[in-house]
Amino acid sequence: MQKETLVSRVATGNDSELAALISGWTVESGSMLPKTQDQILQLFESGNSVLVFDNDGSLVSHAAVTFTYPDGSVEIGCVITDKEKRKNGAATTAVKQILLLAKDKYPNVKKFALANEASSVLFQKIGATKINTTDLCIEVWKPCSTCPRIPKQINGQSFVCCDTPFDLTKLIE
């Protein structure tokens with residue numbers, strides 16, 4: 001069996017036909033905040049998305065710089081792979097490529113991810129470091145106020161999120 005060759009590139013506004021597919025993957029996953037087609041298109045048009053294709057030229061994975069924050073930090077997210085193409089390194093390729101893009105577009109700032117159960121395994125595998133919620137600016141946690149999965153908060157303790165924050169900065173220095 002021939003090893004799968006993966007090819008990645010930065011998405012552009014010309015990739016609009018792929019936005020619906022990626023949006024659908026985020027909805028189907030059930031473990032991440034779903035992105036609308038328009039949200040994916042905005043990532044494409046801003047040059048903040050990476051697409052990964054297989055030997056046949058089919059889209060298999062995506063990752064993006066999803067948010068920039070007032071402290072200058074950037075969030076890597078919308079890491080999603082076609083469920084039929086998982087466990088072949090596509091998400092790892094997508095994350096590594098989006099980190100290279102983020103290093104060029106957003107130099108000398110913290111790069112981080114908020115990982116669900118599946119992406120936590122990926123980020124640990126590539127050497128990311130778990131961090132505390134207090135290591136990130138407060139604006140990161142604003143969407144949690146409407147999240148149905150938010151854990152019960154305990155007065156006097158640090159904010160707790162259903163996702164695990166990982167520092168990705170050292171992976172690209």
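Helix α1 (residues 16-29) and helix α2 (residues 37-45) pack at an angle of about 130°, with 8 Å between their axes, where axes are lines fitted to C-alpha atoms over the stretch in contact and angles run from 0 to 180 degrees between N-to-C directions. The model is a predicted one, in which local features need pLDDT of at least 70 and side-chain atom pairs count only at pLDDT 80 or more, while totals for chains, interfaces and linings use all residues. Residues are numbered from 1 along each chain as its sequence is written, and side-chain values use heavy atoms, with hydrogens and water left out.

**Helix packing**

- The helices α1 and α2 are therefore oblique to each other, a label for angles that are not under 35 degrees (roughly parallel), over 145 (roughly antiparallel) or 65 to 115 (roughly perpendicular).
- The crossing of α1 and α2 is right-handed, meaning that the near helix is turned clockwise from the far one by less than a right angle.
- On the α1 side, S16, L18, A19, A20, I22 and S23 meet Q37, I40, L41 and F44 of α2, contact being heavy atoms within 4.5 Å.
- The residues of this α1 and α2 contact divide into seven nonpolar, three polar and no charged, with Ala, Val, Leu, Ile, Met, Phe, Trp, Tyr, Cys and Pro counted as nonpolar, Asp, Glu, Lys and Arg as charged, and the others, Gly among them, as polar.
- The axes of α3 and α4 cross at roughly 65° and come within 11 Å, and the crossing of α3 and α4 is right-handed.
- In that contact, A91, T92 and V95 come from α3, and L122, F123 and K125 from α4; by class, the contact has four nonpolar, one polar and one charged residues.

**Largest pocket**

- The largest pocket has a volume of about 1,100 Å³, a pocket being an open set of points on a 1 Å grid with protein on both sides within 12 Å along at least five of seven lines.
- Of the 42 residues that line the largest pocket (an atom within 4 Å of a point), M32, V79, N116, A118 and S119 are the closest to its centre.
- Strand β4 gives the most to the lining of the largest pocket, with seven residues, and the lining has 23 nonpolar, eleven polar and eight charged residues.

**Largest cavity**

- The largest cavity has a volume of about 40 Å³, a cavity being a set of points where a 1.4 Å probe fits but cannot get out.
- Residues E4, L6, D54, V60, K85, N88 and A90 line the largest cavity, and by class the lining has three nonpolar, one polar and three charged residues.

Technical notes: Grid points are joined across faces, edges and corners, and a volume is the space filled by probe spheres set on the points. Helices (H or I, at least four residues) and strands (E, at least two) are DSSP runs, numbered from the N terminus.
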